[in-house]
Amino acid sequence: MVKERKYVKVLCISLCLAFLYFPLIVMAFFSFNSAKSLSNFKGFSLRWYESLFGNLQLLDAVVVSVSIAILATVISTILGTMTAIALTKSKKVIRTTILQVNNLPIMNPEIVTAISLMIFFSVINIDKGYMTMLLAHIAFCTPYVITNVYPKVKQLDPNLADAAMDLGATPFQTLMKVILPQIKPGIVAGALLAFTMSFDDFVISYFVSGNGVENISIVIYNMSKRMNPSIYALSTIVLIVILLVLLIGTFIPYLIVKKKGASINEASS
Amino acid sequence: MKQYKKLVSPYCFWLFVLTIVPMLLIAFYAFTAKGTEITTFRFTLDNFFRFIDPIFLSVLMRSFVLGILTTVICLLIGYPIAYMISKCQERTQTLLILLITIPTWINLLMRTYAWMSILSNNGLINHALQALGFAKMHMMYTDFSVVIGMVYNFLPFMILPIHTSLTNMDKSLTEASMDLGASRVQTFFKITFRLSLSGVLTGVTMVFLPAISAFVIPKMLGGGQYSLIGNFIEQQFITVGNWHFGSAVSLVLAVIVIALMALIYKAEKRTNMSNEDEEGGSRRNGKRKKIRKSTLH
Amino acid sequence: MKKLIELDNLTKEYNGQVVLKGIHLDIHENEFMTLLGPSGCGKTTTLRIVAGFEEASSGEVLFDGIDISTLPPYKREVNTVFQKYALFPHMNVFDNIAFGLKIKKMEKDVIEQKVLRILSLVGLEGFEKRNISQLSGGQQQRVAIARALVNEPKVLLLDEPLGALDLKLRKTMQIELKNIQKEVGITFVYVTHDQEEALTMSDTIVVMNDGAIQQIGTPTDIYNEPENRFVAQFIGESNIVEGIFVKDFLVEFDGQQFVCVDKGFDEGQEVDIVLRPEDLDIVEVGQGKIEGVVSSIIFKGVHYEIMVETSERMYKVHTTDMSEIGKKVNLDFWPEDIHVMEKMGTY
């Protein structure tokens, strides 16, 4: 009876994972197809990867996506962290108002945020392009950084900052040596979220960019009418990069912890 | 630490310019119409009266039906999966949760694009059906393909919060319930499910709200003429060029979504509070205080 | 002794609520001073103003005769030991203690030398590589003290530093702290609500209540000659009786006149009189000063706490002699056991 239940469990979870990974596997598999078919595997080839690297439009889009994601992540992480730290010290009225307005871009349907920014840029007469896309990305990433960092700052023992200044550290030194190291997990989580949000964004980018500035999502959207296995190749590369980052990200801290643990054991024994 | 107080002003300015002003602009467009001269706008409620238009009402209706359908399917698949995962060993759980999260990191359009070719008339499924001797099925550009795309995209967001609420639960509660004579099934419905409600609520929010305002998935998997609110708004702005009506629809959508969110947040807070009470968090603290007092005097 | 810190008419308000009502206080070189009072009396606020974490609403803080009221904490020559230690969790013991020295950009080997010396002073040799989370409460306490002391401040401020420790450890640490103070020879300003701790360690005790100083004095002064009802009640246990100061060396209470050692009050002035329970004796009827009946006896370990009911009130007596409930007895005391105080509002 218990064993049966276990089989049912394994079966269900496997089916669910199969559903989630089926399209990804299909995508990766057919990116190596020698024919231009997404259902009929004719033989192994790298022709779609070659055509991907010959496709300037796609490559440009990769550059736009990556550069915007990096810039938006850096700026929104700095802005958000700064604000989160300041908020814990502000008056309650200011704090609650800002936190509530900050929630607006998170709760608002993406499409509403997108068109609100589109109207805004056209009213103040900025040409839609790289700059507007970057501004919009910072605008929707920063709230997520704040929601990740703010609780960490709030949990912080306020005496730690006092202690640092008591020992002679200036406010800036206190920030760098005591506060930031303490809230690092929140900052890293916020930055990662900001990066993936920015990198994956379609709706907002679609409405606020123009003049030929396109990110990966927009290019895929415009190509979706026609079949193009180059997109499969690109997706496969993205998938592999994510898996690599994940592997490095999971195993390196694990190794460090293991090493540290070993040295601690040595020290105590 | 009060030295850091000033750091809040840049973001104050930023929020005002890039969040509040754009939202006010939507409201402004929603309540106005173009005047006779190009620069004059006049106040009007006409944009909202246009909602009675049967075409718009059917779009609205379809958005909600599809949103509810997606949410229900995600819940029916997601809850059991989350429950089964929470019954695994801890290390397996971490791995499974990671496996469920990874697909969400891949560009939504890439994933949806993959579904397009799987479901298309010459796609993988029909290819397989033919090979097995069945007739081809028409799946692309139907409700079916849109729902598949939505469920596929949103399912992880249902599983994750439910799993969190299930693992955060004090294990001794279910043991206590069975100790007091409740069967496995009774324990599940009276204790486990009841205490995981906050996770369910979060999951429902994270699926339903993006689902009713979805834009890309219905566009790619539903085809050009397939229209949900999101697509309707896009048409008003891009093809029709009626920013006033488009803004009115956006405003109403935003109000509905934010109001629902606030309601759910309130409900969640309530269930969380009662959960804490049942877990004895607050009561235990009170007791501890009492004990400390009595030892002092 | 040289005056080191002078607090001149300090007041503090939070959102219209007055926490300090004009504090005047001189802190001398090499002194172990304790600010004692119930929670919310303003003692921690006073300490935080001296440290520079908070600014007084009015008044001045003079350090060596120079006004430092607006100086930020990192420019003051005082260091603080925090209530819950406030050790930096992302640094090990060595880095925590070296923090202040590194900020001052000292030579690496000087820092190491200083840290190791201070570690041996607080009895934590060999702990420098430990993580903060691996330390017990008492060890964290020592690190916190070392981290402050290593900067060689002129004044060390301690905010209820033993509050989180258990009773036994607290007793050992009290003695150890006192020894450390003697050894480094600097001023300690110590905040606590524990009267026993204050009496054990201090050179000077400042009793505070309700944002004001009630009495400043040596532990013996404070205990034996409380200036008012609050001090008498807060320090030790006491029987407080309302009476009249008849003339020098004579007071009247409970309908009788008694010889005392106090003088200098107005004749006929209403006063409060303190009789410490351990100063009262239970004797046979006819041999004492006040008549009464034993109403309850509680064994307290070292002594018995016996309540004696007289015609006027209930007296608390601490004695090592057993008595029996219902027995008629007399209470006896000496003239120097009567402490006369100014009468003030009831607490």
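**Figure 1. Chain pairing in the predicted model.** Chains A and B share the most contacts of the 2 pairs of chains that touch in this predicted model. Chain B and chain C are not joined by any contact. The closest C-alpha atoms of chain B and chain C lie 9 Å apart.

**Figure 2. Chain C as a whole.** Along its principal axes, chain C has C-alpha atoms that fill a box of roughly 80 × 45 × 40 Å. The secondary structure of chain C comprises 20 strands and 8 helices. Chain C has 347 residues, and 39% of them count as buried. Among the contacts in chain C with a separation of 6 or more, 66% come from residues 24 or more positions apart.

**Figure 3. The two domains of chain C.** The domain assignment places residues 3-224 of chain C in domain 1. Residues 229-342 of chain C form domain 2. Taken over C-alpha atoms, the centres of domain 1 and domain 2 of chain C are 38 Å apart.

**Figure 4. Where domain 1 of chain C meets domain 2.** The contact draws 7 residues from domain 1 of chain C and 5 residues from domain 2 of chain C. On the domain 1 side, three elements of chain C each give two or more residues: strand E9 (204-209), strand E10 (212-217) and helix H7 (219-224). The side of domain 1 of chain C that touches domain 2 holds 4 polar and 3 nonpolar residues. Charged residues are absent from this side of domain 1 of chain C.

How values were computed: Residues are numbered from 1 along each chain as its sequence is written. Chains are lettered from A and ligands numbered from 1 in the order in which they are written. This is a predicted model: local features need pLDDT of at least 70, side-chain atom pairs count only at pLDDT 80 or more; totals for chains, interfaces and linings use all residues. Domain bounds come from an automatic or database domain assignment. Helices (H or I, at least four residues) and strands (E, at least two) are DSSP runs, numbered from the N terminus. Ala, Val, Leu, Ile, Met, Phe, Trp, Tyr, Cys and Pro count as nonpolar, Asp, Glu, Lys and Arg as charged, and the others, Gly among them, as polar. A residue is buried if 20 or more other C-beta atoms lie within 10 Å of its own, exposed if 12 or fewer, and partly exposed in between; C-beta atoms are placed from the backbone.
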